[in-house]
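Dear colleague,

Please find below the structure that I am handing over to you, together with its sequence. My notes on what was found in it follow directly after.

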Amino acid sequence: MVGMGRIYKETTKPSSSMASPSSPAVTTSTSITETVNGSHDFKITGYSLSKGIGIGKYIASDTFMVGGYSWAIYFYPDGKSVEDNATYVSLFIALASEGTDVRALFELTLLDQSGNERHKVHSHFGRALESGPYTLKYRGSMWGYKRFFKRTNLEGSDYLKDDCLQVHCCVGVVRSNTEGPKIYSIPVPLSDIGWHFGQLLESGKGTDVNFEVDGEFFSSHKLVLAARSPVFRAQLYGPMKDQNTQCIKIEDMEAPVFKSVICPCLRVAKAGLKTSLAYGLLSRIKTERTLSLGAHHRVWADALLHFIYWDVLPDMEELTGMNSKWASTLMAQHLLAAADRYGLDRLRLLCEANLCEDVAINTVATTLALAEQHHCFQLKSVCLKFVASPENLRAVMQTDGFEYLKESCPHVLTELLDYVARISEHSIAIGKQGNEGIMDGSDVNGRRVKQRL
């Protein structure tokens, strides 16, 4: 166990009125006095057999290091002083290494083994010391008590159990140093490894694997993919790796899929829609931009590779070409599903955090379904609380996303009903408290009021 305490002493600055225009710049320094703390437990078994070894003879613990010095606990079964005639046991902590004028604080504790924790403690810690810390002059110097415990009392006490004693010792070595102003400072830039990997991706140099997404190809590096994703690692280098590791075909992602949006009637072509998370959102798109299925896959692949290389989320608005929270939410949903599929835990948490911040009436139902399907418990809790609130529930139930939630995750509705019931019970309880307060002659804030007759 190691700890540290500090005392600061700072030089005094002259007031501005004392300084003349030609005075040199004011400098400062700080004196720091601290203790480097450590402890040692010493178990003494066969106490009765140690009796009679002779006055002044001791049983020693193993040495232990605190503050750069070696220490040892000395236990004297027959006492340390001849004049006490073996009436007392003695206990000391000794400096066991070379050193001069070592200043330290000490604590010796004989442990109560009955479980009542009525330990016998002698300590320098936690109290004011008139003469300051104890100073040990040389190797073999010690601090402790010749008359630590009367032997007859010890042998009939709870400190001795099964012919065994347990001693706990704490040592705090005092150290002082003075810190002045830094003469120089070398600024260290933030890590830019993500930037270098990003440049590697953009340059296209050294690529040895391609993604095929909806007939379009994206070049990458096997080692980077394997280092970032356990799924890619298994797919590219594992014992069950794909036969063709030069090209990875991405199919049927469990994530929202943009479908063509036909203006002005906003008709969604749902034929061949493999991924149904987009169902509740697509019918509510109100934008003049059209993003085809192929363009969507290109966006998804760009976003995934961007994170794998740069280790940050891309700018959703720049990536999708849409300046709307809806588009950012849908892309975050998509990336969360991809992160779960490829074992990218950091990307998954980033998407969860973004979705928690952007919970909205028209997207919360599909986000809740996504959270349920990909075991995102924090995101699920946020969505349930949002939907269960009285001011949101009716509006959410009117969305197409809620219809999808009922179809795909019907058991989530049971949890939602539980949330709604708890909110209702809380509201009723508050109402009862207010009524009881008024009936009792107090207002709703608990203040006593005078009743009118």
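Two cavities of 30 Å³ or more turn up when the whole structure is searched; please bear in mind throughout that this is a predicted model. The second largest cavity has a volume of about 40 Å³. Its lining consists of Phe-75, Val-89, Leu-91, Leu-110, Phe-148, Leu-154, Leu-165 and Val-167. At least two of the lining residues come from strand E6 (88-95), and at least two from strand E11 (164-179).

Apart from neighbours within four places in sequence, the residues in contact with Thr-109 are His-119, Lys-120, Val-121, Gln-166, Val-167 and His-168. Val-167, one of these contacts, is also among the residues that line the second largest cavity.

Helix H11 covers residues 364-373, and nine of its ten residues are buried, so the helix is largely enclosed by the rest of the structure. The buried residues of H11 are Val-364, Ala-365, Thr-366, Thr-367, Leu-368, Ala-369, Leu-370, Ala-371 and Glu-372. Just after H11, His-375 adopts a positive phi of about 60°.

Helix H12 (residues 377-388) contains twelve residues. From its first C-alpha to its last it reaches 16 Å, close to the 16 Å expected at 1.5 Å a residue. Which residues of H12 are buried? They are Leu-379, Lys-380, Cys-383, Leu-384, Val-387 and Ala-388. These residues lie on the same side of H12, because they cover an arc of only 155° around the axis. Gln-378 and Lys-385, on the other side of H12, are exposed.

Finally, some values for the protein as a whole. The protein has 15 helices and 16 strands. Of its 453 residues, 41% are buried. The protein exposes about 26500 Å², of which carbon and sulfur atoms supply 52%. Where contacts join residues at least 6 apart in sequence, 66% of them are between residues at least 24 apart.

With kind regards

Conventions
Residues are numbered from 1 along each chain as its sequence is written. This is a predicted model: local features need pLDDT of at least 70, side-chain atom pairs count only at pLDDT 80 or more; totals for chains, interfaces and linings use all residues. Side-chain values use heavy atoms; hydrogens and water are left out. Helices (H or I, at least four residues) and strands (E, at least two) are DSSP runs, numbered from the N terminus. The expected span of a helix is 1.5 Å times one less than its number of residues. Buried means under 20% relative accessible area, exposed over 50%, partly exposed in between (1.4 Å probe, protein chains only). The arc is that of the directions from the helix axis to the C-beta atoms. Contact means heavy atoms within 4.5 Å. Accessible areas come from the Shrake-Rupley method with a 1.4 Å probe; for residues, only the protein chains shown count as cover. On a 1 Å grid over the protein atoms alone, a cavity is a set of points where a 1.4 Å probe fits but cannot get out, and a pocket is an open set with protein on both sides within 12 Å along at least five of seven lines; lining residues have an atom within 4 Å of a point. Grid points are joined across faces, edges and corners, and a volume is the space filled by probe spheres set on the points.
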